[in-house]
Amino acid sequence: MCGRYAASRRPEDLTGLFQIEKWEPTEALAPDWNVAPTKEVYAVLERPLKDADDPRPVRQLRKLRWGLVPSFAKNPEGAARMINARAETVHEKPSFRRPFVARRCILPADGYYEWVTGTEERELEVKGKKKRPRKQPYFVTPADGSVFAMAGLYEFWRDRTLPDDHPQSWWVTCSVITTEAETGPLGVAPAEGPRSLSDIHPRMPLMLTEDRWDAWLDPARTDPDELRELLAPPPTGLMRAYPVGTAVSSVRNNGPELLEELEAPEVGTLF
């Protein structure tokens, strides 16, 4: 799954990296090292510009809210539960199948966080002890320092309680597509700890390699079977994972120090 990630790249860097044609400085976001559900995030997408004479799709950098609200929803209350869409079923789920063929995006990230239950806590859990397990967070990021381009979907939702000219009458929300975690060896593994992403968690955000960006963003591609081919996992060995401090477990904490690599896990893990 993907429940928290880091996104610290400046919009100026993203516009060049993704060949952005349009973005509004008024939508600039501060670097965020602890992106949580319902926060506003950057998304790369292609669609015609509003009120433009030219119907040509334009590649844009937009500010969206993480947690998809389906267009048919009566209210946005379920957004925090719809932060992820499974690659295996995204084409058939009512909330995702329409955006899958019409509204796809890329969510740029530095990497994502995932938590592993500590050994002692897991043993207590197995014994049926009533104790909330302590977990060790890991940060997963491309080994070569490149952008982690997560496959995503976006959707529009109209708040009928507000007038048409209200600035918040339309919500634009998004989800991260997830896939089965890689079982092959990490490109760079920690000295002690997980040897593959599946050792950390059975699922992971689907990272799109650069050769798939154009096809994924192209709104002219609408055939579900062809689009599903783009959801193939990236080659193994591209990622590294390392333990970080448990401060990231609180959404109140935010800063580059959250990405600092620990010499050893703070919480004893199952490896």
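A: **A loop serine, then strands and cysteines**

S95 sits in the loop that runs between strand 5 (84–86) and helix 2 (97–102). Bear in mind that this is a predicted model. Is S95 buried or exposed? With a relative accessibility of 17%, S95 counts as buried, because the cut-off for buried is under 20%. And what does S95 touch, once you skip its neighbours within four places in sequence? The contacts of S95 are then L68, P70, F72 and M82.

Now over to strand 12, residues 239–243. Four of its five residues are buried, so strand 12 is largely enclosed by the rest of the structure. Strand 12 also has a partner: strand 8 (residues 135–142) pairs with strand 12 in the antiparallel sense, over five bridges.

Last, the cysteines. Searching the whole structure for disulfides turns up zero. Take C2: its nearest cysteine sulfur belongs to C174 and is 10 Å away, and C2 is in no disulfide. A pair would have to come within 2.5 Å to count as a disulfide. C2 is buried as well, at a relative accessible area of 0%. C174 is in no disulfide either; for C174 the nearest cysteine sulfur is that of C105, 5.6 Å away. C174, with 0% relative accessibility, counts as buried.

Notes. Residues numbered from 1 in each chain as written. Predicted model: local features only at pLDDT ≥ 70, side-chain atom pairs only at ≥ 80, totals over all residues. Heavy atoms only, no water. Buried < 20%, exposed > 50% of the residue type's maximum accessible area, 1.4 Å probe, protein only. Helix = DSSP H or I, 4+ residues; strand = E, 2+ residues; numbered from the N terminus. Pairing = 2+ DSSP bridges. Contact = heavy atoms within 4.5 Å.
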